[in-house]
Amino acid sequence: MINQLIHHFYYRFAKPIDEENPGNKYDPKYITRLLRKRELNGKAFFYFKNKSSYIAIFANGHINVRGEEGMFRPWGSSEYKDLKPNNLFEKLEKEIARIKVPSSGDESSYYFDSYGEFLTWLTD
C-alpha cells in the first residue's frame, strides 16, 4: 500500500513531463504515461477489425495480447507477431474497431471508435 502511494505520488507530482515535446503519439510509453495521469491503475483494450484477439495496455507499462476470453497470449504466437509493440498503433490505427477503457469506480467504461478520439480524451 505504501509503495503504491509513493508510486502514485511520483508519477502525479514528482516525475517531470516535457509538455512541449510529448513524444510519439503512437508510442505505448506515451499512452501509458497518459493513462497514469488519468488513473494510477488505468488500462485500455484495443480491438481491431478482422482480429480475434485484442491488445491490452496498462498504466504500469505492460502491453500484451488477450484472446476472446481475456486470456493472455504470447506475442510471438499471436496475430500481432509480425508487428513490434512500439509501432503497433501506428501500423493498425486504421484497423481499430473500438477502444475500451474500463473504469475502476462506479462509472461505466469509456468507449472510443478511433485512436484520435481516444488521445483527445486522454489529453483533456
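**Stop 1: the sheet.** Select the six strands of the open sheet, which run in the order S4-S3-S2-S1-S5-S6 with antiparallel pairing. Strands here are DSSP runs of E with at least two residues, helices are runs of H or I with at least four, and both are numbered from the N terminus. Two strands pair if DSSP finds at least two bridges between them. S4 (72-73) and S6 are the edge strands, each pairing on one side only.

This is a predicted model: local features need pLDDT of at least 70, side-chain atom pairs count only at pLDDT 80 or more, and totals for chains, interfaces and linings use all residues. Residues are numbered from 1 along each chain as its sequence is written, and side-chain values use heavy atoms, with hydrogens and water left out.

**Stop 2: S5 and S6.** Zoom in on this antiparallel pair, joined over three bridges. Lys100 stands opposite Tyr111 in S6.

Contact means heavy atoms within 4.5 Å.

**Stop 3: the salt bridge.** How many salt bridges does a search of the whole structure find? One. The term requires a side-chain nitrogen of Lys or Arg within 4 Å of a carboxyl oxygen of Asp or Glu. Select Arg98 and Asp113: their closest N and O atoms are 3.3 Å apart. Arg98 sits in S5 and Asp113 in the loop between S6 and H4, 15 residues apart.

Arg98 is partly exposed at 35% relative accessibility, and Asp113 is partly exposed at 47%. Buried means under 20% relative accessible area, exposed over 50%, partly exposed in between (1.4 Å probe, protein chains only).

**Stop 4: H4.** Select residues 115-123. Tyr115, Phe118, Leu119, Trp121 and Leu122 are buried. Look down the axis: the buried residues of H4 fall within an arc of 160°, so they line one face of the helix. The arc is that of the directions from the helix axis to the C-beta atoms. Their cover includes H2, S1 (43-48), H3 (88-92), S5 (96-101) and S6 (110-112).

**Stop 5: Asn64.** Finish in S3, where Asn64 lies. Asn64 is buried at 11% relative accessible area. Beyond four places in sequence, Asn64 touches Tyr54, Ile55, Ala56, Phe58, Phe72 and Trp75.
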